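This report goes through one protein chain, part by part. Please look at the sequence and the structure before reading on.

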Amino acid sequence: MAKVSLKPGTMLNPLPAVMVSCSDGDLDNVLTIAWTGIINSEPPITYVSVRKSRYSHQLIEKSGEFVINLVNEELVRSADYCGVKSGRNEDKFAKCNLSKIHADHVKAPLIKESPVNLECKVLEIKEYQTHDMFIAEIVAVHADEELFDDDGRIRLDLAGMVAFNHGEYFGIKRKPIGRFGFSVMKKSTKKRINREAKEKRQKRNEARKRKA
């Protein structure tokens with residue numbers, strides 16, 4: 001199949017759609033962005049790239065803090081709205097009926113309706129022509145308790161997460177194609193993992209029946 005050459009551009013897709021909450025101590029705001037990711041594991045370091053003209057830019061720059069709130073399908077309409085409208089003109093928390101929860105380490109609030117929230121403190125700001133990159137350490141993570149299985153493992157596959165792909169939102173509901181390392185995994189290991197997963201499903205089903 002032949003390739004078509006395009007001019008250089010931001011064609012890295014899909015990306016996570018996240019809602020970034022921020023505060024200057026008096027006013028809270030929320031901004032939806034897709035330009036975010038992980039930079040380092042230990043300590044956990046992330047970034048958000050924010051256009052210089054956005055109201056949230058000045059709040060994050062002033063406070064040196066923000067919260068990344070992951071988006072699921074129930075939140076996607078609010079996420080889209082918060083990415084289009086400016087907090088200079090309205091309270092987007094109130095407009096979208098978003099609930100605030102006090103964070104442990106930053107002034108910016110967590111969004112209660114988000115399945116996972118990451119508290120972040122800015123380490124460095126890299127300035128570019130259109131956006132500034134706020135590089136930050138993740139200082140706390142919060143997740144809905146119903147996302148954890150009986151072994152305490154978080155099940156993000158149950159969260160109904162959303163990805164942003166070339167201007168459109170897509171729900172991530174399909175079963176995993178594989179897990180990290182599956183391409184080199186021994187057959188005996190695969191069988192053991194599948195057997196353990198089956199046993200866990202059976203236990204969960206039995207527990208649900210007892211509760212019913």
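## A salt bridge between Arg155 and Asp157

Arg155 and Asp157 are joined by a salt bridge, with 2.7 Å between the closest N and O atoms. The model is a predicted one. Arg155 counts as buried because its relative accessibility, 14%, is under the cut-off of 20%. Asp157 has a relative accessibility of 45% and counts as partly exposed.

## Other salt bridges

The count of salt bridges comes to five. One of them is formed by the side chains of Asp132 and Lys52, at 2.5 Å from N to O. This pair links distant parts of the chain, since 80 residues separate the two partners. Asp132 belongs to strand β10 (residues 131–143), whereas Lys52 sits in the loop between β5 and α1 (55–63). Asp132 is buried, at 4% relative accessibility, and Lys52 is partly exposed, with a relative accessible area of 35%.

Asp149 and Arg153 also meet through their side chains in a salt bridge, at 3.6 Å from N to O. Asp149 counts as buried, with 12% relative accessibility. Arg153 has a relative accessible area of 48%; this value lies between 20% and 50%, so Arg153 is partly exposed.

## The chain as a whole

The chain contains four helices and 12 strands. Its C-alpha trace spans about 55 × 55 × 35 Å along the principal axes. Of the 212 residues in the chain, 35% are buried.

Which share of the contacts with a separation of 6 or more comes from residues 24 or more positions apart? Such residues account for 60% of these contacts.

## Two domains

The domain assignment divides the chain into domain 1 (15–171) and domain 2 (178–211). The C-alpha centres of domain 1 and domain 2 are 32 Å apart.

## The largest pocket

The volume of the largest pocket is about 1,200 Å³. Sorted by class, the lining holds 12 charged, 11 nonpolar and two polar residues.

Which domains give residues to this lining? Domain 1 and domain 2 each supply at least three.

## The second largest pocket

The second largest pocket has a volume of about 480 Å³. Of the 23 residues that line this pocket, Thr32, Ile33, Ala34, Trp35 and Phe164 lie nearest its centre. Two or more lining residues come from each of β3 (28–33), β5 (45–51) and α2 (76–84).

Helix α2 gives the largest share, with four residues. By class, this lining divides into 12 nonpolar, eight polar and three charged residues.

## Helix α1 and what covers it

The buried residues of α1 are Tyr55, Ser56, His57, Leu59 and Ile60. What lies over these buried residues? The cover includes the strands β2 (18–23), β3, β5, β6 (65–70), β9 and β10.

After α1 comes Gly64, which has a positive phi, near 70 degrees.

## Leu118 in strand β9

Leu118 is part of strand β9, which runs over residues 116–127. Is Leu118 buried or exposed? Leu118 is buried: the cut-off is under 20%, and the relative accessible area of Leu118 is 14%.

Leaving aside residues up to four places away in sequence, Leu118 touches Phe66, Val67, Ile68, Leu70, Ile138, Ala140 and Val141. Strand β6 covers residues 65–70, and strand β10 covers residues 131–143. Leu118 and Tyr128 are 10 residues apart along the chain, and their C-alpha atoms are separated by 25 Å.

Key
Residues numbered from 1 in each chain as written. Heavy atoms only, no water. Buried < 20%, exposed > 50% of the residue type's maximum accessible area, 1.4 Å probe, protein only. Contact = heavy atoms within 4.5 Å. 1 Å grid on protein atoms, 1.4 Å probe; cavity = no way out; pocket = protein on both sides within 12 Å on 5 of 7 lines; lining within 4 Å. Points joined across faces, edges and corners; volume = space filled by probe spheres on them. Nonpolar A, V, L, I, M, F, W, Y, C, P; charged D, E, K, R; others polar. Domains from an automatic or database assignment. Salt bridge = Lys/Arg side-chain N within 4 Å of Asp/Glu carboxyl O.
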